[in-house]
Amino acid sequence: MYIVQVLSTTAPLMLAYYLASLGHSIVEKSGVLNLAIDGVFVLSVAVAFAQAIYTWNNPLIPVVISVASSIAVGLILVYTTSKLPVSHGAIGLSLMFLCYGLSGVIGVPARTQQGLTGQEVGYPISPVSSVWVLLYIVVVGLGFLLHYILERTKLGAMIKASGEDPLVAEALGVDVLKTRILAGVLGFALIGLGASAFELLYTRIWREGTGIGHGWIAFAVSLSSGRHPLLGIITAFLFALLYEYRFSILAVGLPREMADALPYITAITAMVIYMATPLKTKLKTPKSLGKPFFKEERTI
Amino acid sequence: MLVEHIVVKEVTKRFPGTLALDKVSFTVYRGEIHALLGENGAGKSTLVKILYGIYTPDEGEVYINGKKLVITSPRDAVAHGIVLVSQTPTLINDLTIVENIILSLRHYNLFTRTRRVYSEVYSVLESLGLGIDPNTEVYKLTYTQKQMIEIARALLLKAKVLLLDEATSYLPLTEKKKLFDFLKKYVKKGNSVILITHKLPEALEISDRITVLRKGKVVGTVEKKKADITVIRRMMFGDTEFAPEAIKQRESIGNGVTLFIENLWVKGELGEYMVRNVTLSVRKGEILGIAGITGSGQIELFEAIMGLRKVERGIIKIDGVDTTNKDTGFIRSLGVGYIPDNPLEHGLSIDHTLAENIALCPKYSSFIIDWHAIRQDADRLVREYGIVTPSINTPIKLLSGGNLMKMLISRELEYATKLLVAYNPTRGLDEYTANKVRRNIKEKKAKEGLSVIFASEDLDEIFELSDTIAVMNSGRIVGVFDKYRATRDRVEELMVM
């Protein structure tokens, strides 16, 4: 029974981390370094919350608008980095701070209204009912679907080609900009979905700054799974577990700072393991990740 | 009846500081193999890249089947039945063969399973004589296999015009013959081929007509029947004289051993042994040529000599100093020059200027860089090797492939005092420059006692340059011959044994 309790309490956060990390992996597989992820995550959390307040906790609209806002920011990132010779890092971080600011602008009025109406948001996942099982099914199903798309379809080959060597990909007939936009739409939609799950299934409250840092955890989930959709299921579960049970870890006597750093230590350890073993050929970073890509330059 | 297939009219293309093509016009007829010749930097590659949509012309027009076209991307070109196969394979190493090929096939939608193309790819590969599983990742293939994959791709794309930019230069003889037979059949079906090559006999053997470019201009087009090698040479190089190669080689070999390798074992990229129990020595003033088909372990052997790859077992000594698993900086400081197999990635920094690339040489890299000396040397090398560049302060990515190679060779040859380790030292060079490079190597060996170990897929070069020929096959040295005792047949036999 203890296992069921662990699985059920970890389910909502795992879903949120997994969706966001899966989206992040797809974006990065196409060659776009996504340092905006934490900002986008926080913005989508705020949008989901605000829309839930304004629509009296409608189950659909907050998610749709949250996903749309994530895609909108994502497209700015993807378009500028693929069309112009600009630094992926600079654009990503600028967008992150912009999103932090916007999340306040969007969330605070809704929070004020919540204070007046007492409207509650989200849907608690009860360990007693079996809804949590459904969340795992969604995670595993999506994992296999995305793995299939990446490894078995033309779209997957296009995304990987754009991330490995965009100039060669272009010469082979791939429209790198279009491919990255496609990957961006898909990826940021998943990040937005993850953020909505975080707000509506996990925290179900909002104050300024809700979600900050969790985008980075999704980033770490993606990195430590080598951007692999199926491995990501395991790392997302592990990270959600570490976060959910961080107080239990504190109880063992570990300093709080150490407990907070655990997800990142796990990520670094995982990456070291990959790089030191034959896994590195399968799980390595896309070769052109974060490199400016210009078509017009003379190549030899 | 001759039908015009491709017509290029007055095409001009400028790059910063250079006029790559100057009002170039030429015509390719349906069903012909048209060779495009010219010295390095003549504009051949630029011209086919324009046809393939990698560059757009500044002026001029391109007509295909009588229709004026503006080709702005390779996708466009493919849609019009034009496919380019270049000297460097344009494939993504981490994807499988099928994945690489499906990227180009437009009639499949985004969610087409790669498996659907599998059998199609398999049968085309088989028709080219390649029995490879299409699900193999490209990085596991040899250079020759990659080139054949490119040709297979062109066929799957239903190419009507095949642009071969030095694509045949490094194919082993047997593969080349197969390919030429295939091309002859291919053009009989009403397709056309534009072939760029540095090997005049090759061009004369296979093409129907030959167009010569020089410094971005068309010198003329001749039919094969009326062409002979001296006429074409004159068209390509003007009245530049071809100095005969008359340097006495034998006397210059001394007794001391410069490079000594014993029982060497080196692993390749995938962890399997690529160099197996190799024992070799190169005497002072000796040129050792390693013959072998690509991927026989030559690259790994050279990387081990240069300290770029771990030696698992065995010893390497340079001039008596044990250099086994020593770092590259130390090995180079002994006076060792190196021309790697992938010059653009491992020999040059293409975003930097010519002078800066010369400054990378260890002899300049003390605490303070002596820019004055570097500029003087750079100017001299540009003059001596005829490197075509607007200035020594031009980023070298703006230079043509052949000029990049000249710049690398000049630097390394200048630097090497004891030993030169070279992989395909004349890759991508025109006949004149290649001759000159070989002569420079021989001169340096004769005058200064430089020892050379080089590998080449070009047997002509092996026989021309070497004092001693070693044949490498599957990581082992399977035969060592004195140049005068070796026969071509025997060497070829050992290469493919």
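## Reading strands, helices and a chain contact

Modeller: Strand β17 (residues 419–423) of chain B runs parallel to strand β18 (residues 451–456) of chain B, and the two pair over five bridges. Please keep in mind that this is a predicted model.

Colleague: How do strands pair in a sheet, and which residue stands opposite B:V421 in β18(B)?

Modeller: In general, the strands of a sheet pair through backbone hydrogen bonds, and the pairing is either parallel or antiparallel. In this case, the residue of β18(B) that stands opposite B:V421 is B:I453.

Colleague: What is the order of the strands in the open sheet of six strands in chain B?

Modeller: The order is β16-β17-β18-β13-β19-β20, and the pairing within this open sheet is mixed. At the edges stand β16 (336–339) and β20 (476–482) of chain B, each of which has a single partner strand, so one side of each is left without a neighbour in the sheet. From one strand to the next, the twist averages 15°. Helix α14(B) packs on this sheet, where it touches β16 and β17 of chain B, and its direction makes about 165° with that of β16(B).

Colleague: Is strand β6 (residues 82–86) of chain B enclosed or open, and why?

Modeller: One reads this by asking how many residues of the strand are buried, and here five of the five are, so β6(B) is largely enclosed by the rest of the structure. Both of its faces are covered, with B:I82, B:L84 and B:S86 buried on one side and B:V83 and B:V85 buried on the other. β6(B) also pairs in the parallel sense with strand β7 (residues 161–165) of chain B, over five bridges, and in β7(B) the bridge partner of B:I82 is B:V161.

Colleague: How should I read the crossing of α6(A) and α8(A), and which residues meet there?

Modeller: An angle from 65 to 115 degrees counts as roughly perpendicular. The axes of helix α6 (residues 154–164) and helix α8 (residues 176–203), both of chain A, come within 9 Å and cross at roughly 110°, and the two helices are therefore roughly perpendicular to each other. Their crossing is left-handed. From α6(A), A:M158, A:I159 and A:S162 meet A:V176, A:T179, A:R180 and A:A183 of α8(A), and the residues of this contact divide into four nonpolar, two polar and one charged.

Colleague: How many residues does each chain give to the contact between chain A and chain B?

Modeller: Chain B gives 28 residues and chain A gives 20 residues. On the side of chain B that touches chain A, α2 (74–79), α3 (97–102) and α14 (401–415) each supply at least two residues. By class, that side has 15 nonpolar, six polar and seven charged residues.

Notes:
Residues numbered from 1 in each chain as written. Chains lettered and ligands numbered in written order. Predicted model: local features only at pLDDT ≥ 70, side-chain atom pairs only at ≥ 80, totals over all residues. Buried ≥ 20, exposed ≤ 12 C-beta atoms within 10 Å, placed from the backbone. Helix = DSSP H or I, 4+ residues; strand = E, 2+ residues; numbered from the N terminus. Pairing = 2+ DSSP bridges. Axes fitted to C-alpha atoms, helices over the stretch in contact; angles between N-to-C directions. Parallel < 35°, antiparallel > 145°, perpendicular 65-115°, else oblique. Left-handed = near helix turned anticlockwise from the far one by under 90°. Contact = placed C-beta atoms within 7 Å. Nonpolar A, V, L, I, M, F, W, Y, C, P; charged D, E, K, R; others polar.
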